[in-house]
Amino acid sequence: MSRDADYDAAGFRGKVGYGSRPAVLVVDVVQAYLDPDSPLSDAGGRFESARKATAQLVDAARAAGHPVVFTCVRYQRGMADAGLFGAKVPALAAFVEGAPSGDFPSDPAPAPGELVVTKQYASAFFGTSLASTLRTMGVDSVLVTGFSTSGCVRASATDALQHGFKPIVVAEACGDRDSVTHDHNLFDLDAKYADVVTLDDALHHLVTTPAEGAHP
């Protein structure tokens, strides 16, 4: 029995489906993963490829009038606010306040007035006001993109589900330092916590779904 058939037979791999009020969530698309000299970057260009796909989604969302939310990681000097996460992943020191590794690239980058969530842990929802803000915006679903697939993307998509938002993970718009880890996490997310879709499918959804207050 194939892995897909095994999971299907066990009752996994259901679908949450797209919502009617989507937002694009750009998780930690920052220089720490894109600068080839950074220890958090990859040698295969996976982060750069995901950056380009994310930029397409951001452009499509803006053109259609859908919200775009960015996240970044920031720690105070001395890392006192990193807790056990900082002990487990010493590389997080790259995100200390003032370090260029935490800067956004030129594309995609937050536009004036767009929400930027600063976080200290993996999930964009943990310890932040993101869920309340999305509800105030009328959002019912999030298209999750960014870095890394096995880390902050996975945690944010799982928490989106647990907060009552339909999580849609866009495969080509997520990157990880290891391709096998990337693929396995996309499979597991699709099996249990989110719908994993292609870039083309997500773009079609954004451009064909009326924005809040728009007429069909």
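**Helix packing and sheet order in a predicted model**

Colleague: Why are α1 and α7 called roughly parallel to each other?

Modeller: The axes of α1 (residues 3–10) and α7 (residues 179–192) cross at roughly 25 degrees and come within 11 Å, where axes are lines fitted to C-alpha atoms, for helices over the stretch in contact, and angles run from 0 to 180 degrees between N-to-C directions. Angles under 35 degrees count as roughly parallel, and α1 and α7 are therefore described in that way. This is a predicted model, in which local features need pLDDT of at least 70 and side-chain atom pairs pLDDT 80 or more, whereas totals for chains, interfaces and linings use all residues. Residues are numbered from 1 along each chain as its sequence is written, and side-chain values use heavy atoms, without hydrogens or water.

Colleague: Which residues of α1 and α7 meet?

Modeller: Arg 3, Asp 4 and Tyr 7 in α1 meet His 184, Phe 187, Asp 188 and Ala 191 in α7, contact being heavy atoms within 4.5 Å.

Colleague: How do you know that β1 and β2 pair?

Modeller: Pairing requires at least two DSSP bridges between two strands, and β1 (residues 22–27) and β2 (residues 68–73) share 4 in the parallel sense, with Val 26 opposite Phe 70 in β2.

Colleague: What makes β3 and β6 edge strands?

Modeller: The open sheet has 6 strands in the order β3-β2-β1-β4-β5-β6, with parallel pairing. Each of β3 (115–119) and β6 (195–197) has a single partner strand, so one side of each is left without a neighbour in the sheet. The twist averages 25 degrees from one strand to the next.

Methods
Helices (H or I, at least four residues) and strands (E, at least two) are DSSP runs, numbered from the N terminus. Angles under 35 degrees count as roughly parallel, over 145 as roughly antiparallel, 65 to 115 as roughly perpendicular and the rest as oblique.
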